[in-house]
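I opened this model to look up its metal site and its charged pairs. My notes are below.

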Amino acid sequence: MSDDRLYETLHWKIGDVSITRMVEVILRAPIGSLFPDEDPAELRPFHDWLKPNFLLDDETMALSIHAFLIEAGGLKMIVDTCAGNGKNLPLFDEWKNLDTPFLENMTQLGFAPESIDRVMCTHLHFDHVGWNTRKVDGGWVPTFPNARYLFNKTEWDYWKDHEDPYESGALEHALLPIFDAGLVELVDANHRVNDEISLIPTPGHTPGHASVLIQSGGEEAVITGDMFHHPLQMAKPGWIDMADVESTLAEKTRIEFMQRFGDKPATTVLGTHFATPTAGKIVSDGDGYKFES
Ligand SMILES: [Zn+2]
């Protein structure tokens, strides 16, 4: 698949709510990088829907690092702020010392940083909080000065005492400056943002992980966060994802999520790291489920 397609800006309309996907960077990740204990050959029966969008020709996983920009009832919101520039991030070469025009691209799409009303981080891993701040004169300041940043209280309670095992700087660079600026609103995992947008608890990947539910005009979309890192987890919800903090709970959450949102034609699932086309439906497939995009 060409890079252009992986990086294109995508738009969806759910009732009166508009949602835009803006990509920061694409990772080509070997299956073993997230699932070191699992056998990729077990995925062969699912290649017909995993390829070519989610598993590339060389059977690496396409992982898209992107933000969702939402406009609902006059409110502008960004869900997950990606990785950020100039950081020595781990595991993959593609995101080491990024230098992307992330904020300029937001502005071009009608979401200038100062126009953002809410920032929502599905969880507090470094690739979901990176643009919470930007570097000015050697210090880290909030990127979205007029926003309230919504963090799940359970999630913060965990990470304030635990270093992100993959990127120890996220707390200091991307979280504490937001607290210092008085912009954080600690919310519960069922928080309602406005008439159309609410959070739903999806714990396991991290203890206070939350997904985002959008309902308008009889339609519905749900932003997964990293409850699913990759669509292959719909076929293999029990595969141990090395980035999940609590594996057993993560599996239970994935299964319950598919039971709740699967086989519902009016529900669009938007994957936080799902490559183009990113959006699809969860549908029954034998004993389990698949992602139909
Ligand atoms: Zn992530």
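These entries cover the metal site, then the salt bridges.

I worked from a predicted model, where local features need pLDDT of at least 70, side-chain atom pairs count only at pLDDT 80 or more, and totals for chains, interfaces and linings use all residues. Residues are numbered from 1 along each chain as its sequence is written, and side-chain values use heavy atoms, with hydrogens and water left out.

**Zinc site.** I looked up the protein donors (N, O and S atoms within 2.8 Å of the metal, 3.2 Å for Na, K and Ca; water is not among the atoms, so sites may look incomplete). They are D127 (OD), H128 (NE2), D226 (OD) and H273 (NE2), 2.1 to 2.2 Å from the zinc ion. I noted the sequence spacing as D-H-x97-D-x46-H. D127 and D226 lie 99 residues apart and link distant parts of the chain. I checked burial (buried is under 20% relative accessible area, exposed over 50%, partly exposed in between; 1.4 Å probe, protein chains only). D127 is buried at 8%, and D226 is buried at 1%.

**Salt bridges.** I counted a side-chain nitrogen of Lys or Arg within 4 Å of a carboxyl oxygen of Asp or Glu. The structure holds 10. E42 pairs with K236 at 3.2 Å, N to O. That pair links distant parts of the chain, 194 residues apart. E42 is partly exposed at 37%. E185 pairs with R148 at 2.5 Å, N to O. K252 pairs with E256, with the closest N and O atoms 3.3 Å apart. I also found K153, D157, K160 and D161 linked in a network of salt bridges.

Note on methods:
Helices (H or I, at least four residues) and strands (E, at least two) are DSSP runs, numbered from the N terminus.
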